Amino acid sequence: MADSGAGGSSGGAVNYSRRIMGITVPEKVQLHVAMLALQFGYAGFHVVSRAALNMGISKIVFPVYRNILAFFLLLPFAYFLEKKERPPLTLSFLTQFFLLACVGITANQGFYLVGLDNTSPTFASAIQNSVPAITFLMAAILRLEQVRLNRKDGIGKVIGTLFCVAGAMVITLYKGPTIYSPTPPLHRPNVSPLLLSLGDAKPKNWTLGCIFLIGHCLSWSGWLVLQAPVLKKYPARLSVTSYQCFFGVIQFLVIAGFVERDPQAWLIHSGGELFSVFYAGVVASGIAFAVQIWCIDRGGPVFVAVYQPVQTLVVAIMASVALGEEFYLGGIIGAVLIITGLYLVLWGKNEERKFAMLQKAAAIQSPTEQGNSRSHIKSSLAQPLLSQTTESV
């Protein structure tokens, strides 16, 4: 999961095919390949971000440059592709975009970088698996989603949420003994200068880092919940994201005025720092965002969220090789609990969607709805079986 919200059509993927180099590729295969590529892209972001922090890049300067790149990358697409979808801009919308940026850009990315710097890439990725469960919990508290304990889907989501909370607590409060400890690049013989420049992934303050990562997940979930009603009134996702990037840059610049007063911090001192900023802005915030929108539109939000644990596995391999990351018992137990909770929540969401589809089909087919079968058939043909709604996982 990345810094973008999950939303899109609630229906399943339509079976389209595309010819690539003369070979017909079914859309289902395209979706799976795209999701795997997306997880590798986001996994690289975790490792690249930690390497950038090891090189000494400022935690304020990094998101400023990242969001400037993302803004200028998304702006032309938002302007030309969403001309017909974009409602008139009002002060109310600008205020909502500013507040969304405060939660989804400034707090979200700020907490993430501080948490990542104090823990490790793998556990930063692992704790992100709790976002769907936290989102469900927030939506339930705000009465945006009903908790049905008399149905198996409701019980599944509640149990999944409890698993995620338990996993986050284990990761935060119990580090445990080292389970796997590869040789860091700094201690390997004949290692390339590039790997040496990446540094290592040794945690600095595990508990503090986990607290900030939980704050990152809470901000992300809050952003998903708050963004859903805004997108219903302003259904131009690229434009909304562009506005948020713009306001995020302004907010980080204001914070920098108080926190980062060293002019040298704004300079890019190495090719590694330049690559990390480019990767975060173009790949993680630009290309990955576009791919995720397409996958959600074609496969649905649950399909996209199911792939999230793959990212954690890829991060573990990348961080182990590039940064010599160690793995601790508490982190592994917590990650297993969180991933189990994730799948329980997703299973509950999927069962809830099936139940809603059956209810709608039964209502359409009911002969008593219009009083006679002829008028009923006429009205049912005019109603789609699956409504196009925007929802958060």
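A: Helices here are DSSP runs of H or I of at least four residues, and strands are runs of E of at least two, both numbered from the N terminus. Axes are lines fitted to C-alpha atoms, for helices over the stretch in contact, and angles between N-to-C directions run from 0 to 180 degrees. The model is predicted, with local features needing a pLDDT of at least 70 and side-chain atom pairs counting only at pLDDT 80 or more, while totals for chains, interfaces and linings use all residues. Residues are numbered from 1 along each chain as its sequence is written, and side-chain values use heavy atoms, with hydrogens and water left out.

The pair to look at is helix H6, residues 152-173, and helix H13, residues 329-365. Their axes lie 7 Å apart and form an angle of about 160 degrees. H6 is therefore roughly antiparallel to H13 (angles under 35 degrees count as roughly parallel, over 145 as roughly antiparallel, 65 to 115 as roughly perpendicular, and the rest as oblique). The crossing of H6 and H13 is left-handed, a term used if the near helix is turned anticlockwise from the far one by less than a right angle; if clockwise, the crossing is right-handed. The residues of this contact comprise 15 nonpolar, 10 polar and 6 charged. In that division, Ala, Val, Leu, Ile, Met, Phe, Trp, Tyr, Cys and Pro are nonpolar, Asp, Glu, Lys and Arg are charged, and the others, Gly among them, are polar.

Within H6 sits Lys-157. Lys-157 is buried, at a relative accessible area of 1% (buried is under 20%, exposed over 50%, partly exposed in between, with a 1.4 Å probe and protein chains only). Apart from neighbours within four places in sequence, Lys-157 is in contact (heavy atoms within 4.5 Å) with Phe-136, Glu-145, Leu-344, Val-345, Gly-348, Lys-349 and Glu-352.

A second pair can be set beside this one. Helix H2 (residues 61-81) packs against helix H10 (residues 271-299) at about 45 degrees, with 8 Å between the axes. That angle makes H2 oblique to H10. These two helices cross in a right-handed sense. Among the H2 residues making the contact are Phe-62, Tyr-65 and Leu-69, and the H10 side includes Val-277, Ala-280 and Phe-289. By class, the contact of H2 with H10 has 13 nonpolar residues, 4 polar and 1 charged.

Ile-268 lies in the loop between helix H9 (237-259) and H10, and is partly exposed, with 36% relative accessible area. Its C-alpha atom is 9.9 Å from that of Phe-62, although 206 residues separate the two in sequence.

His-216 belongs to helix H8, residues 206-233. His-216 is buried, its relative accessible area being 1%.

Last comes confidence. The chain averages a pLDDT (the predictor's confidence in each residue, from 0 to 100) of 81, and 82% of the residues score at least 70. Confidence is highest in helix H3 (residues 91-118), at a mean of 95, and lowest in helix H14 (residues 373-381), at 42. Over residues 1-14 pLDDT stays under 50, and over residues 373-393 pLDDT also stays under 50.
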